Amino acid sequence: MTLSPTDHYPEHPSEPLIPDLPSEGCILCFQGAKLVLFVTGLCDRTCWYCPLSVERKDLDVIFANDREVSSEAGIIAEAEAMDALGTGITGGEPLLVRDRVVSYCRLLKGHFGSDHQIHLYTGRAPTEEDLSALSGIVDEIRMHPPYEVWDHIMETDYPQSARLAKEMGFAIGIEVPSLQGIASLKPMLPLLDFFNINELEWGETCANEMRRRGMEPTDDLHNAIEGAAGWAEEITGDPKVHFCSSGFKDSVQLRERLIRIATMTARPFDDITDDGTITYGIIRSDGDLRDIIAEFDEESYEMQQDGSCECAWWLLDELTEVSGLELSIIERYPNRGMIVEVNPL
């Protein structure tokens, strides 16, 4: 039986309705339209719940989405690949490399225009000097007060930083994981435009600290910590508060970003799945493939430098009886990203 692409992968459903979200940055996240620009893995905090991977934690590396970059051109290329409408600057601690942040924000605003929304995550309470440097190029600041100051938050620099940021025209909020005692941060709400809570997640570099505190993932398939959603309920109910579940990040946020990238970068024969990955076939042979590809439409294949042929996956169905061919269906992240699965035929 010859399969058509719609037999295997249905059309991507229409865009999900955007819920009532507290900030422009959150809307872009929901749409998958935000470039995630990781500017450094260096940090002056030692948060026991930090989920950064070993490839990033405590290293001065730069990633645009999941691709390590070493130049401004690489950042722009990744943003263009997904037609990014905004950028989230994250780390590590971005303000440790403030000049780098300023340079990249100017680059992005200059390339995409002033409407390119930029929000910055920081564990610090930005000073007037920090805010002045970021003024006009960062639209939204998301502060992450470390856990050890939550119970005396109003005695720290965060309230004054929030007031100053609002006076200078920034959208200002707090974004923290759902930890026990989160209600201690309620006094900050009148000073903020939004308050985001991310469901606490398991990470390879923080696993030991979490186990030491009696924490475990909800199950073998998800990273969310058992009970973390309940801890968030200590402060939910205020219209400024938004809870972002681990499941939402996996099933909506990441999926929409991948679909956006795939739509921009897929070749004519790449099949975009409902998860935002792409699927195609690959033909390998010790012999000459010219007789094989002569039967293909020119937009249904692409020869590779190693002599293999990448093509529409459903074309392989007609080749399974041809001797001397190695046939596989590949599923991978878009824009030549990580391979998810290889299915030999």
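Which residue lies over the face of Phe63? That residue is Arg56, at 4.0 Å from the ring centre. A charge counts as sitting over a ring if NZ of Lys or CZ of Arg is within 6 Å of the ring centre and within 35 degrees of the ring normal.

A word on the model before we go on. This is a predicted model, where local features need pLDDT of at least 70, side-chain atom pairs count only at pLDDT 80 or more, and totals for chains, interfaces and linings use all residues. Residues are numbered from 1 along each chain as its sequence is written, and side-chain values use heavy atoms, leaving out hydrogens and water.

Let us turn to the aromatic rings. Rings of Phe, Tyr and Trp (its six-membered ring) pair if their centres lie within 6.5 Å; planes under 30 degrees apart are stacked, over 60 edge-to-face, and the rest tilted. This rule gives 6 aromatic pairs. Tyr147 and Trp150 make an edge-to-face pair, because their planes stand at 80° with the ring centres 4.9 Å apart. Trp150 is buried, at 1% relative accessible area, whereas Tyr147 is partly exposed at 29% (buried means under 20%, exposed over 50%, partly exposed in between, with a 1.4 Å probe and protein chains only).

Now for the cysteines. The whole structure has 0 disulfides, a disulfide being a pair of cysteine sulfur atoms within 2.5 Å. The sulfur of Cys47 has its closest cysteine sulfur in Cys43, 6.3 Å away, so the two are too far apart for a bond.
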